[in-house]
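Please open the model in your viewer and keep the residue selection panel at hand.

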Amino acid sequence: MCFHLIKGGVGKTTLAQSVATRVSLYGAKVLCIDLDQQANLTQAFGLKHTDSPNMYDILSSKAAIQDSILAVCPGIDLIKSSLSNAKLDHLFFTEFTNDTSLITSLIEPLRLDYDYIIFDCPPTLGASVQSALIASDTIVLPINPDLFSVEGLKICVDEIKTLAETFHKNIEIKIVINKYDNRTILSHEISQFLFETDYFKDLVVPTVIHNNQDFSNKLSRGVSIYDSPSQKKSA
């Protein structure tokens with residue numbers, strides 16, 4: 001599973017952390033792979049200063065992928081990110097001739113160990129992100145109800161469909177309306193547009209996620225929305 005959109009600030013990391021936490025609470029074993037050089041998912045799990053290999057180190061043959069996995073909590077493991085992941089696309093270009101199937105091969109030995117492998121991607125369409133997309137069975141595209149997010153959404157859906165066709169793979173696309181605000185006209189208009197437009201309507205998840213400060217508050221403390229005695233609306 002891959003959380004992606006070429007526009008930043010749409011909530012990819014927050015949703016990746018929340019979904020990973022929730023399915024682990026149901027008993028699933030989850031591996032999260034942070035590909036974004038900003039390392040927001042790594043920070044969200046409270047592992048910012050952990051000295052361990054990232055994806056750039058693994059692909060540079062400086063570390064084995066099995067030795068790069070950190071235990072976050074029962075049910076959730078993580079391959080962290082750091083600034084050197086900014087060089088991933090250059091590495092793909094110079095060492096692997098943009099081999100899009102590389103991450104698929106890399107995680108193959110791990111598939112039997114986990115129920116879910118979740119990628120948190122940077123807002124780009126470089127070779128490393130394309131490789132993560134092809135390695136995924138489901139791609140979640142969070143979108144804020146604004147015009148710029150819709151423009152990025154169309155580009156992403158086009159790219160995913162092209163990759164799926166090129167590699168003869170069935171990839172499920174899930175568009176999630178995030179940070180929805182009942183008080184704004186734009187939230188209603190963008191949501192209506194997505195649910196009624198032929199190109200998007202079959203891909204949109206029917207449940208919207210409302211704008212809620214609880215997400216930011218929990219993320220800043222390195223905990224999830226489920227780490228609370230009382231389950232708030234965000235959960």
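Begin with the largest pocket of this predicted model: select Leu15, Val19, Val176, Ile209 and Tyr226, which lie nearest its centre among the 24 residues that line it. A pocket here is an open set of points on a 1 Å grid over the protein atoms alone, where a 1.4 Å probe fits, with protein on both sides within 12 Å along at least five of seven lines; lining residues have an atom within 4 Å of a point. H1, S6 and S7 are the elements that give two or more residues to this lining, and H1 gives the most, with five. The volume is about 570 Å³, taken as the space filled by probe spheres set on the points, which are joined across faces, edges and corners.

Residues are numbered from 1 along each chain as its sequence is written. Local features need pLDDT of at least 70 and side-chain atom pairs count only at pLDDT 80 or more, while totals for chains, interfaces and linings use all residues; side-chain values use heavy atoms, with hydrogens and water left out.

Next, select helix H1, residues 12-25. Helices (H or I, at least four residues) and strands (E, at least two) are DSSP runs, numbered from the N terminus. Eleven of the 14 residues of H1 are buried, that is, under 20% relative accessible area with a 1.4 Å probe, protein chains only. Leu15 is among them, as are Lys12 and Ser24. Just after H1, inspect Gly27, whose phi is positive at about 105 degrees.

Move on to strand S2, residues 30-34: five of its five residues are buried, so the strand is largely enclosed by the rest of the structure. Val30, Cys32 and Asp34 point one way from S2, and Leu31 and Ile33 the other. Centre on Leu31, which stands opposite Asp77 in S4 and opposite Ile117 in S5. S2 pairs in the parallel sense with S4 (residues 76-79) over four bridges and runs parallel to S5 (residues 116-120), joined by five bridges; pairing requires at least two DSSP bridges.

Now display the whole sheet. Its seven strands follow the order S3-S4-S2-S5-S1-S6-S7, open and with mixed pairing. S3 (70-73) and S7 (172-177) stand at the edges with a single partner strand each, so one side of each is left without a neighbour in the sheet.

S6 (residues 138-143) and S7 pair in the parallel sense over six bridges, and Val176 in S7 is the bridge partner of Pro142. Val176 also belongs to the residues nearest the pocket centre.

Terms used:
The expected span of a helix is 1.5 Å times one less than its number of residues. Buried means under 20% relative accessible area, exposed over 50%, partly exposed in between (1.4 Å probe, protein chains only).
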